[in-house]
Structures are given as C-alpha cells and as structure tokens.
Amino acid sequence: MLALGKLLELTLAGREPAQKIQLTADGVRLRWLGEGALEVTPPGGQDTGLDLLLSAGIHGNETAPIELLDRLLQGIARGDIKPRARILFLFGNPGAMRTGDRFVEEDLNRLFNGRHECSCGSEALRACELEQLATAFFSLAGRTRLHYDLHTAIRGSKLEQFALYPFKEGRAPSRRELARLRAAGMEAVLLQSKPSIVFSAFTCEQLNAEAFTLELGKARPFGHNAGVNVERLEQRLKQIIEGTEPSLEEASLDGLQLFSVAREVIKHSEAFILHLPADVENFSELPKGYLLAEDAGKTRWIIEEKGARIIFPNPKVKSGLRAGIIIEPASEALLDQSLA
Ligand SMILES: O=C(O)CCC(=O)N[C@@H](CCC(=O)O)C(=O)O
Ligand SMILES: [Zn+2]
C-alpha cells in the first residue's frame with residue numbers, strides 16, 4: 001500500500017511523509033497537504049464531477065469516525081476502492097487525537113465561520129487552517145460539493161445515528177440529500193434554524209457545499225468501537241466515491257425522523273445548573289412544564305414545546321456556549337422536494 005494511505009499513522013505520530021505525492025497503479029493521485037490533510041484526485045476521464053470532503057477527529061476522542069476514514073483511505077491507497085470523485089480527507093484536531101481528548105484548549109467545533117479570529121490557541125489556528133484547506137478544495141467551479149463531518153456523541157442516544165443539517169438563508173433542506181442519508185443508515189435529521197460556528201456550517205454557508213454533521217454513536221477510545229455500527233454509512237461512502245451509488249430517484253425517507261431546533265440552551269455563567277441526570281440519553285423526551293435548567297439572574301429554562309426532546313446536554317461547556325438543544329418534531333413540508 002502507498003505510504004500516504006497511512007495518513008492516520010503519520011498524523012498520530014506527528015510525522016511528515018518523505019514523499020508528498022504518490023500515484024496508485026490505476027493513476028489515482030494522493031497528495032499530502034499538511035498535518036492530517038490529504039487530497040485524492042481520480043485519473044483524468046474517470047472524474048464524475050463530485051468534490052467530497054470527509055472530516056473526522058474535529059473532537060479528538062471521537063475515534064469510530066477516524067477509523068472509518070482510515071479504512072476508506074487505506075482502501076484507496078491499496079487500489080481496492082477506485083475513486084471517481086475528488087476527495088479531501090481531514091483529521092481535524094491531531095493534538096487532541098493524540099491525547100484522546102475532545103479538545104486541547106478549546107472546542108475546535110466552536111471556532112469556525114471566523115470565530116477563530118477572537119482566539120489565539122492551537123485550536124484557533126487549526127480552525128483557520130481547516131477553513132483554508134476546505135476553501136481551496138471547494139474552489140473549482142461547476143462541481144458538486146458535499147461535506148460530511150463525522151462525530152460520535154458524549155452520551156448514548158435513543159436514536160443512535162443522526163445528522164445535523166446546517167441552516168442556510170434562502171435554501172430549503174434537500175429531500176434528495178436526506179434520502180441519501182437515510183440510505184446511509186441515519187435515523188433522524190435535525191434541521192438547524194440559524195447560522196452556526198461549527199465546521200459543517202462553514203462549508204455550507206461560505207462554500208455552498210451540501211454539508212452535514214453526522215453523529216454515529218457513542219465516543220470511545222481507538223480500538224473499542226465494535227458497538228458503533230457504521231456499515232451502512234461506509235458502504236454508501238464507497239458507492240459515492242466510486243460513482244456507483246444507486247439512483248436517489250426512488251429513495252425514500254421512510255423511517256427518517258425529522259426535527260427542528262426549538263431553542264438552544266446557552267450557558268451564561270458558572271451558576272448554570274442542568275436538571276438532568278448524567279445518564280439521560282440524547283433524544284429523551286421532556287414533558288411540558290419541566291424545569292430543564294437555571295442560570296444567573298433568575299434565568300429558567302422551562303419546557304413549553306409539545307413533543308420536546310433534548311440533545312447534547314452538557315453543563316460543563318464554557319460560559320457563552322451551547323449546553324444543550326431543545327428540539328421538536330418537524331414536517332416534511334419544510335423540504336425542497338426536488339430529487340434532481
Ligand atoms: O455529545 C455531545 O454533547 C456533542 C457531540 C458533538 O460533538 N456534536 C457536534 C455537533 C455539531 C453541530 O451542531 O453540527 C458538536 O457539538 O460540535
Ligand atoms: Zn464531536
């Protein structure tokens with residue numbers, strides 16, 4: 001296998017490859033772009049016109065998605081997977097991946113869309129670098145742009161695999177993309193309702209990519225991901241990469257639950273208290289009238305929405321950041337119905 005296929009190994013060791021460009025026997029070009037970053041270019045004449053950005057390790061302890069990208073890249077470097085799309089593989093936070101932590105100094109996934117300019121640590125520099133890599137990758141005109149930013153969650157989840165679909169002014173969520181996600185095993189999609197500072201929101205808002213954060217299960221250390229079943233996603237990604245994906249014309253949304261954001265719970269001070277047991281799972285229902293959280297200045301978060309559920313509850317985040325999202329069921333009528 002080509003040495004550049006071992007991007008994960010190189011990244012974890014903090015090593016630079018001796019050769020920055022390598023070609024497979026079929027003429028697929030692998031190009032190392034910097035720490036944790038590798039571009040794949042199919043041979044001339046094979047390219048279907050898709051630019052696919054696959055990122056993982058934005059949170060260093062979320063290892064199942066990192067292992068998934070490692071398998072795909074090794075498959076390409078061995079010649080087993082024959083790409084017909086341009087691909088950018090990104091391991092987001094190498095420092096945190098090496099220590100097995102969510103982040104080193106601050107949460108990388110709260111530093112995009114320019115937010116890194118207000119900060120100066122290693123993650124702020126990395127967010128700026130990732131924005132530049134993604135911008136250069138998605139700079140070719142007339143191509144289809146798709147980004148999956150792969151994560152696993154801190155808690156268990158009643159719906160194990162789900163996507164978060166960034167908000168973009170003037171654009172209705174694409175039914176076609178949701179059908180593709182359903183076929184890839186996602187059980188739910190959360191439609192965001194305002195701009196955000198996460199990586200997928202950057203590529204969606206600034207670079208016009210169809211972009212998603214995908215949550216694939218519970219975060220565990222390297223080598224302990226037998227409980228995270230990514231088979232359907234892996235299979236679909238191979239098909240997307242090789243240009244052999246079954247038509248999405250007939251694809252259905254059956255079984256895919258849609259949610260929208262009712263409210264984001266923002267922690268304002270160290271007095272913030274979340275009234276949820278530590279083992280409450282994502283998508284747990286919250287009854288009307290339930291006192292979810294309290295903060296300084298007599299702020300109280302009381303559930304008013306019918307069918308409300310909670311995701312990503314985390315009272316330990318820094319003040320000013322999201323400490324949970326209250327979500328509610330959404331209707332298919334919100335979607336752009338076109339399958340083109
Ligand atoms: O389990 C948790 O509390 C967080 C899991 C995670 O890292 N989720 C992403 C979601 C990004 C998005 O909103 O699209 C994050 O919080 O960064
Ligand atoms: Zn994450």
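Two strands pair if DSSP finds at least two bridges between them. Helices (H or I, at least four residues) and strands (E, at least two) are DSSP runs, numbered from the N terminus.

With those terms in hand, welcome to this structure. It is a predicted model, in which local features need pLDDT of at least 70 and side-chain atom pairs count only at pLDDT 80 or more, while totals for chains, interfaces and linings use all residues. Residues are numbered from 1 along each chain as its sequence is written, and chains are lettered from A and ligands numbered from 1 in the order in which they are written.

## Strands side by side

Four bridges, or in figures 4 bridges, join β3 to strand β5 (residues 86–91), and the two run antiparallel. Within this pairing, Leu38 stands opposite Phe89 in β5. Strand β3 (residues 37–41) also pairs with strand β2 (residues 29–34), again in the antiparallel sense, over 5 bridges. Here Gly34 stands opposite Ala37 in β3. The hairpin of β2 and β3 has 2 residues between the strands, and Gly36 in this hairpin takes a positive phi near 70°.

## Two domains

The domain assignment, which is automatic or comes from a database, gives the protein chain domain 1 (3–242) and domain 2 (265–334). Their C-alpha centres lie 28 Å apart. Across the boundary, 12 residues of domain 1 are in contact with 9 residues of domain 2, where contact is taken as C-beta atoms, placed from the backbone, within 7 Å. The side of domain 1 that touches domain 2 has 7 nonpolar, 2 polar and 3 charged residues. In this sorting, Ala, Val, Leu, Ile, Met, Phe, Trp, Tyr, Cys and Pro count as nonpolar, Asp, Glu, Lys and Arg as charged, and the others, Gly among them, as polar.

## The annotated site and the ligand

UniProt, in an unreviewed entry, places the feature "binding site" at His59, Glu62 and His151. These three span 93 residues in sequence, yet no two of their C-alpha atoms are more than 7.4 Å apart, so they gather at one spot. Such annotations may be inferred rather than shown by experiment; the positions follow the numbering used here, and feature names are shortened.

Glu62 is found in the loop between β4 (50–56) and α2 (63–78). Not counting residues up to four places away in sequence, Glu62 touches Gly57, His151, Thr152 and Ala219. His151 is found in strand β6 (residues 144–153). Leaving aside neighbours within four places in sequence, His151 is in contact with Ile58, His59, Glu62, Pro65, Thr213, Leu214 and Glu215.

Ligand 1 is surrounded by His59, Asn109, His151, Ala153, Ile154, Arg155, Leu164, Val198, Ser200, Thr213, Phe312 and Asn314; a residue is placed near a molecule if its C-beta atom, placed from the backbone, lies within 6 Å of it. This shell divides into 5 nonpolar, 6 polar and 1 charged.

## Buried or exposed

A residue is buried if 20 or more other C-beta atoms lie within 10 Å of its own, exposed if 12 or fewer, and partly exposed in between, with C-beta atoms placed from the backbone. Here is how some residues come out.

| Residue | Other C-beta atoms within 10 Å | State |
|---|---|---|
| Glu62 | 28 atoms | buried |
| His151 | 25 atoms | buried |
| Phe283 | 21 atoms | buried |
| Leu335 | 20 atoms | buried |
| Asn208 | 12 atoms | exposed |

Two of these residues have a backbone feature to look for. Asn208 has a positive phi of about 60° although it is not a glycine, and is found in the loop between α6 (199–205) and β9. Phe283 has a positive phi of about 75°, and is not a glycine either; its place is in the loop between β11 (273–274) and β12 (284–285).

## Helix α5 and the chain's later segment

In helix α5 (residues 175–183), the buried residues are Leu178, Ala179, Arg180, Leu181, Arg182 and Ala183. Their cover includes β7 (162–165), β8 (188–191), β9 (210–218) and α7 (231–242). After α5 comes Gly185, whose phi is positive, near 100°.

Leu335 lies in the segment after β16 (322–329). Leaving aside neighbours within four places in sequence, Leu335 is in contact with Ala172, Pro173, Arg175 and Leu178.

Key
Two residues are in contact if their C-beta atoms, placed from the backbone, lie within 7 Å.
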